[in-house]
Amino acid sequence: MSTRRRPTPAPPEPPAAPVPLLDWRDGAHFAWPERCVLCRKSTPMRSHAGEAVHKTCAELWNAEHPGETRFVSDPPKGGRGKDHA
C-alpha cells in the first residue's frame, strides 16, 4: 500500500513595503475567541470596532488598503516615552 503526500502549500508572499505595526496593548482588544473576519481562524483579538481579527491580519489589511482607517492603533498614553526601558 502506498501513501500519497500532499504538496505543502507555499508560504504567503511577504509584502513589498514594510507593514506599519498596530499598538493594541489595551485589554479591550481581547475577548472570547471568534473567527477572524479576514482569515477565518479563531482569535481572541478585537479591533476598536469590536471585529474579531488577528493583529497581523489587520496590519496586512492596512498595508493593502492605504488611506483606509478600518484598523487603527490605540491612542498614545500620557508620559515621556513609549517604554520605560
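Biologist: How far is the sulfur of Cys36 from the closest cysteine sulfur, and in which residue is that sulfur?

Modeller: A disulfide is a covalent bond between the sulfur atoms of two cysteines. Here a disulfide is counted when a pair of cysteine sulfur atoms lies within 2.5 Å. The closest cysteine sulfur to that of Cys36 is in Cys39, at 3.9 Å, which is too far for a bond. The sulfur of Cys57 also has its closest cysteine sulfur in Cys39, at 3.8 Å, and this too is too far for a bond, so the count by this rule is 0 disulfides. Please keep in mind that this is a predicted model, in which local features need pLDDT of at least 70 and side-chain atom pairs count only at pLDDT 80 or more, while totals for chains, interfaces and linings use all residues. Residues are numbered from 1 along each chain as its sequence is written, and side-chain values use heavy atoms, with hydrogens and water left out.

Biologist: Is Cys36 buried or exposed?

Modeller: Buried means under 20% relative accessible area, exposed means over 50%, and partly exposed lies in between, with a 1.4 Å probe and protein chains only. Cys36 is buried because its relative accessibility is 0%, and Cys57, at 17%, is buried as well.

Biologist: Which residues make up the largest nonpolar core?

Modeller: A nonpolar core is a set of buried Ala, Val, Leu, Ile, Met, Phe, Trp, Tyr and Cys residues joined through side-chain atoms within 4.5 Å. The largest one has 9 residues, namely Leu22, Trp24, Cys36, Met45, Val53, Cys57, Ala58, Trp61 and Phe71. Its largest share, 3 residues, comes from helix H1, residues 55–64, where helices (H or I, at least four residues) and strands (E, at least two) are DSSP runs numbered from the N terminus.

Biologist: Where does Leu22 lie, and what does Leu22 touch?

Modeller: Leu22 lies in the segment before S1 and is buried, because its relative accessibility is 9%. Contact means heavy atoms within 4.5 Å, and, not counting residues up to four places away in sequence, Leu22 touches Lys55, Ala58, Glu59, Asn62, Phe71, Val72 and Ser73. Leu22 and Asp74 are 52 residues apart in sequence, yet 7.8 Å apart in space from C-alpha to C-alpha.

Biologist: Where is His54 found?

Modeller: His54 is in the loop between strand S2 (42–45) and H1, and it is buried, with a relative accessible area of 19%. Leaving out residues up to four places away in sequence, the contacts of His54 include Cys36, Cys39 and Met45.
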